[in-house]
Amino acid sequence: MSTPTLLVRDVPPRTAFALEQGGVHPLLARLFAARGIASAAELDDGLTHLLPPAHLHGTEAAARLLADAIGQGRRICVIADYDCDGATACAVALRGLAMLGAAPGTLAYLVPDRQIHGYGLTPTLVDLARVQAPDLLVTVDNGIASLEGVAHARALGMQVLVTDHHLPAVVDGQVRLPEADVIVNPNQPACAFPSKCLAGVGVMFYTLLALRAELRARGRFDAAGQPRLDALLDLVALGTVADVVKLDANNRRLVAQGLRRIRAGRMQPGVAALFAAASRQPARASAFDFGFALGPRINAAGRLADMTLGIECLTTDDPARATELAQMLDAINRERREVESGMRLQAEALLDTLMPEGEPPAALVLFDPEFHEGVVGIVAGRMKDRLHRPTFVFALGQDGWLKGSGRSIPGFHLRDALDLVSKRHPGLLRKFGGHAMAAGCTLAEEDVDTFDAALQAVAREWLAPAALRRQIATDGPLPLEYFTVDTVQRLDAEVWGQGFEAPVFCDEVEVVQQRLVGEKHLKLRVKHQGQLRDAIWFGHAEPLPARVRLAYRLSVDEFQGQQRLQMVVEAAT
């Protein structure tokens with residue numbers, strides 16, 4: 001791994017002072033100012049400050065469609081996706097529609113198998129859904145690029161409501177939308193919704209808010225007696241963080257509200273069971289728990305098994321059944337780690353052939369016939385983090401096509417890069433889609449070298465040398481008075497994540513002791529601001545010099561009832 005450059009975020013002094021005057025803790029005022037927060041009012045996470053559902057294009061039409069379907073007792077089938085965002089969006093849809101009057105027996109769901117059906121509402125999946133005789137298909141976290149699937153469903157007499165957050169398909173250089181009855185997606189061309197970063201679960205939650213308003217207007221209930229959709233915010237928060245969407249102000253409010261309910265003990269039985277399976281405490285829940293404890297356990301089902309396990313865990317009201325399912329998901333996640341570990345070793349062996357002189361190419365494309373399709377995205381992310389290069393990892397699917405998942409670095413829009421590759425090499429990509437930082441594509445095995453060369457060509461054109469050097473934004477030195485357990489608790493209580501990164505401090509320290517633990521983690525004793533501190537660098541085995549500049553997070557290490565502050569090292573220069 002190349003040595004990164006440590007940068008210190010700029011803190012506008014007047015903004016930090018204004019936040020302090022508004023009652024914000026001095027350390028938080030500095031951190032928030034560095035992340036673009038201009039006033040204390042922006043930190044109000046009350047639900048009344050959420051962007052109105054009516055501003056999200058398509059929600060009012062979707063509300064009328066759903067209200068009619070509920071009123072007429074029509075059958076609704078939710079078409080989910082096989083990741084955590086898709087699973088939580090499906091659970092929110094099923095629970096929310098039931099709360100808003102969908103009769104028992106009229107709701108069903110279907111989730112594709114990653115290895116058999118691929119992604120989205122395909123014609124094959126429509127035929128599977130047809131067995132349930134639905135009148136209306138509702139896609140969650142997919143559908144915006146399902147041109148053939150939507151057309152097939154409409155031809156069979158089904159109505160289709162697409163709720164998604166991905167970018168639309170591009171055909172012959174033109175954006176093409178599916179011919180659904182209604183589309184709700186902040187990233188469709190006609191939508192002016194200010195928050196383009198809603199996760200799929202957030203889009204479904206907004207659709208339910210609009211449906212409730214429509215039913216209220218139809219006299220089904222009044223404001224005082226309407227169903228409390230905020231009971232679903234634990235699921236919305238989980239899916240939002242797990243999908244690594246940007247935590248803009250609107251998403252931070254959704255996550256903050258979900259965390260508040262979980263900390264108060266108000267959550268779905270499945271969420272409580274997942275906390276228990278991960279040995280985490282709901283009373284001290286943080287966004288970190290969603291991203292690194294609960295989310296991976298749900299995702300593991302879609303990677304190695306059947307996402308219906310994850311969806312059932314989130315939809316059951318039986319605590320015993322939720323516990324059983326959470327334990328199954330935990331076991332699948334342990335298996336996922338083993339598969340991933342083996343694939344990482346294989347991927348690292350491939351790097352030796354790609355980097356004969358030790359310098360990685362502008363973009364990485366890795367394929368081995370033994371790779372597992374379910375974890376290509378995780379391994380792509382690991383390789384991207386290690387070498388700071390856009391990375392695609394491919395596995396051979398059951399249908400004989402190579403299924404690739406990519407992860408990118410700042411300055412390289414991965415989905416746009418795929419679009420350019422497809423234009424330069426017509427027919428190379430069977431299909432593709434995604435976002436700026438994550439995307440996927442399908443191609444023939446014999447074409448992987450052509451794709452490799454094409455992606456590298458785009459990367460060399462788009463990425464300046466400076467962009468290929470990894471940079472870590474830090475918050476500078478942590479003042480001595482804030483090196484406390486109280487600081488850790490104060491920071492953990494806030495919502496951090498993609499686009500609103502958790503604090504990373506940097507200080508020069510003297511390394512007093514260092515040793516390996518578990519054969520791969522560097523345990524340190526350092527002198528910091530005249531004080532001896534404990535530090536650990538997970539996944540790093542190389543020794544450090546006597547004096548070094550550390551980028552680190554502050555955490556509390558609990559052992560046998562004792563709490564000790566610890567610096568968790570992110571990088572060293």
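At what angle do the axes of helix α1 (residues 13-21) and helix α2 (residues 26-34) cross, and within what distance do they come? The legends below, which begin with that pair, describe close-up views of a predicted model.

**View 1. Helices α1 and α2 cross at roughly 135°.** The axes of α1 and α2 come within 8 Å and cross at roughly 135°, which makes α1 oblique to α2, since an angle counts as roughly antiparallel when it is over 145 degrees. The crossing of this pair is right-handed. On the side of α1 the contact is made by Thr15, Ala16, Leu19 and Glu20, and on the side of α2 by Pro26, Ala29, Arg30, Phe32 and Ala33. By class, the residues of this contact divide into six nonpolar, one polar and two charged.

**View 2. The whole chain, as a setting for the other views, has 17 helices and 19 strands.** The radius of gyration of the chain is 24 Å, close to the 25 Å that the globule rule gives for 573 residues, so the chain is as compact as a globular protein of that length. Taken along the principal axes, the C-alpha atoms fill a box of roughly 75 × 60 × 45 Å.

**View 3. Five strands in the order β3-β2-β4-β5-β8 form an open sheet with parallel pairing.** The edges of this sheet are held by β3 (107-110) and β8 (182-184), each of which has a single partner strand, so one side of each is left without a neighbour in the sheet. From one strand to the next, the twist averages 20°. Within the sheet, strand β4 (residues 136-140) and strand β5 (residues 159-163) run parallel and are joined by five bridges, and Leu137 has Val160 in β5 as its bridge partner. Helix α4 (residues 84-99) packs on the sheet, where it touches β2 (76-79), β3 and β4, and the direction of α4 makes about 170° with that of β3.

**View 4. Helix α4 also packs against helix α12 (residues 308-315), at an angle of about 45°.** The axes of α4 and α12 are 9 Å apart, and the angle makes α4 oblique to α12. The crossing of α4 and α12 is right-handed. The contact brings Ala87, Thr88, Cys90, Ala91, Leu94 and Arg95 of α4 together with Ile311, Leu314 and Thr315 of α12. Six nonpolar, two polar and one charged residues make up the contact of α4 with α12.

**View 5. A second open sheet of five strands has the order β9-β10-β11-β13-β12 and mixed pairing.** Here β9 (364-367) and β12 (431-434) stand at the edges with a single partner strand each, so one side of each has no neighbour in the sheet. The twist of this sheet averages 15° from one strand to the next. The pairing of β12 with strand β13 (residues 438-443) is antiparallel and extends over four bridges, and Lys431 has Thr442 in β13 as its bridge partner. Helix α13 (residues 319-354) lies across β9 and β10 (391-396), running at about 125° to β9, while helix α16 (residues 448-462) lies across β9, β10, β11 (402-407) and β13, running at about 165° to β9.

**View 6. Helix α13 meets helix α10 (residues 269-277) in a crossing at roughly 45°.** The axes of α10 and α13 come within 8 Å, and the two helices are therefore oblique to each other. The crossing of α10 and α13 is right-handed. Pro269, Gly270, Ala273, Leu274 and Ala277 in α10 face a set in α13 made of Pro319, Ala322, Thr323, Ala326, Leu329 and Asp330.

**View 7. Strand β19 (residues 562-572) pairs in the parallel sense with strand β17 (residues 531-537) and in the antiparallel sense with strand β18 (residues 547-559).** The antiparallel pairing of β18 and β19 extends over 10 bridges, with Asp557 opposite Arg564 in β19. The hairpin of β18 and β19 has two residues between the strands, and Gln560 in this hairpin takes a positive phi near 50°.

Note on methods: Residues numbered from 1 in each chain as written. Predicted model: local features only at pLDDT ≥ 70, side-chain atom pairs only at ≥ 80, totals over all residues. Heavy atoms only, no water. Pairing = 2+ DSSP bridges. Axes fitted to C-alpha atoms, helices over the stretch in contact; angles between N-to-C directions. Contact = heavy atoms within 4.5 Å. Parallel < 35°, antiparallel > 145°, perpendicular 65-115°, else oblique. Left-handed = near helix turned anticlockwise from the far one by under 90°. Nonpolar A, V, L, I, M, F, W, Y, C, P; charged D, E, K, R; others polar. Rg over C-alpha atoms; globule rule 2.2 N^0.38 Å.
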